[in-house]
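Hi there,

Here is the structure I promised to pass on to you. Please have it open while you read, and my notes on it follow below.

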Amino acid sequence: MNHLEAFLNAMQADAALIHRPENLRWLAGYTGEGCLFIARGAQVILTDSRYTEQARREAPAWGLQQVAAERNYPALIAELAMAHGAKTVHVETDYLTYDAYQSLSKALSGIELVPMGGVPEKLREIKDEAELESIQRAAAIASDAFMNILPRIHAGMTEKQVQRMLEFEMLELGSEGVAFETIAAAGLNGALPHATPSDYVIQSGELLTLDFGATVNGYRSDMTRTVGFGKITGELRHIYETVRMAQQLGLDALAVGKQCGEVDRVAREYIDARYPGAFGHSLGHGVGLFIHEQPRLAKGSEQVLCPGHVVTVEPGIYIPGVGGCRIEDTVIMTADGTINTIAAPKHLIEL
Ligand SMILES: [Mn+2]
């Protein structure tokens, strides 16, 4: 079943409007601007003249309506909704701006706008073969880029310099762009889980956390490696080995049929017993067209892992005034077990 069929089966309203760019791509294979009107028996891309040829090429099976000054989006959408007798229309209320919603609501008087309620997000959880292949290629690019820069990074470089080198390498290896803003956090900055790369100069004896990903066909990968500069001893080494063991326990706990919260618990208990309160975020998340998707490997989550789920496993320890460490892989759940898409090693590398 293709994505559109799955969406039509799950659609509760008479019609749906899709505005989120990733959902346009997921449903229609269309990567330009505009929106989709979907009813049973009608699938239409609405866009302006800058994208009409692109829409024809990318989504030949879809109808096309060109907006213009006198045929603006709300007016065209109203025409389509009336033509298909839609009394209720799904909209992405978690994406549209208040103003956009208001003008739609005004143009579609008499038609009820219904929140989409996470239908595409739920369906996007389970990846098909083509999606898994894109994610695996993105993961291989990121992992190879990391290995390629290791001989070239050293103490004395800034976080930003390492970031640029890593991102350039991913582009060279075929990434369409970064999967998200690269994190490069050295020394005490490592205590910030989502640190922004700065001009801080990396010192010998420090850890550097690199959290990054590549993009292929719009699909993302996500990985984190923490490397040392010079000799890493004492508490930093203990922190590293604790995270490494927790990450392995998390990977080993992944299994189809298991609850996400159960996987989170295994890694969390290991860290909490050694560094109470130092692991604040969830163990992992789904990855796909968005860097953060369902399911979440989070405390208490009763969601059950299924074949086709793609999840990260990324425990960390963050201690202000000391530093931090995170190790992350992106893993595919299959009926026969798990596939770890990230090949880069996880022993403590000391550069
Ligand atoms: Mn992640």
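Helices H9 and H10 cross in a right-handed way. A crossing is called right-handed if the near helix is turned clockwise from the far one by less than a right angle, and left-handed if anticlockwise. The names come from DSSP runs, numbered from the N terminus: helices are H or I runs of at least four residues, and strands are E runs of at least two.

Two things to know before going on. This is a predicted model, where local features need pLDDT of at least 70 and side-chain atom pairs count only at pLDDT 80 or more, while totals for chains, interfaces and linings use all residues. Residues are numbered from 1 along each chain as its sequence is written.

Back to that pair: H9 covers residues 234-253 and H10 covers residues 260-274, and they pack at an angle of about 160° with their axes 8 Å apart. That makes H9 roughly antiparallel to H10. Axes here are lines fitted to C-alpha atoms, for helices over the stretch in contact, and angles run from 0 to 180 degrees between N-to-C directions. Angles under 35 degrees count as roughly parallel, over 145 as roughly antiparallel, 65 to 115 as roughly perpendicular and the rest as oblique.

Which residues of H9 and H10 make the contact? On H9, they are Thr242, Met245, Ala246, Gln247, Leu249, Gly250 and Ala253. On H10, they are Glu262, Val263, Val266, Ala267, Tyr270, Ile271 and Arg274. (Two residues are in contact if their C-beta atoms, placed from the backbone, lie within 7 Å.) Sorted by class, this contact of H9 with H10 has nine nonpolar, three polar and two charged residues. Nonpolar covers Ala, Val, Leu, Ile, Met, Phe, Trp, Tyr, Cys and Pro; charged covers Asp, Glu, Lys and Arg; the others, Gly among them, are polar.

Next come H7 (residues 129-149) and H8 (residues 159-172), whose axes come within 9 Å and cross at roughly 130°. That makes H7 oblique to H8, and their crossing is right-handed. Here Ile141, Ala142, Ala145, Phe146, Asn148 and Ile149 of H7 meet Met165, Leu166, Glu169 and Met170 of H8. The residues of this contact of H7 with H8 divide into eight nonpolar, one polar and one charged.

A further pair is H4 (residues 73-83) with H5: the axes come within 9 Å and cross at roughly 45°. That makes H4 oblique to H5, and H4 passes H5 in a right-handed crossing. Pro74, Ala75, Ile77 and Ala78 of H4 meet Ser103, Leu104 and Ala107 of H5. By class, the contact of H4 with H5 has six nonpolar, one polar and no charged residues.

**The whole chain**

How many helices and strands does the chain have? The secondary structure comes to ten helices and 18 strands. The radius of gyration is 23 Å, close to the 20 Å that the globule rule gives for 351 residues, so the chain is as compact as a globular protein of that length. That radius is taken over C-alpha atoms, and the rule is 2.2 Å times the number of residues to the power 0.38. Along the principal axes, the C-alpha atoms fill a box of roughly 70 × 40 × 35 Å.

Of the 351 residues, 44% count as buried. Buried means that 20 or more other C-beta atoms lie within 10 Å of a residue's own, exposed means 12 or fewer, and partly exposed is in between; C-beta atoms are placed from the backbone. Just after H2, Gly29 takes a positive phi of about 75°.

**Backbone details**

Most residues other than glycine have a negative phi, and most peptide bonds are trans. With that in mind, look at two spots:

- Asn217, in the loop between S9 (215-216) and S10 (219-220), has a positive phi near 55°. With 16 C-beta neighbours inside 10 Å, Asn217 counts as partly exposed.
- Gln294 and Pro295 are joined by a cis peptide bond, with omega about -5°. Pro295 is in S13 (residues 293-297).

Enjoy exploring!
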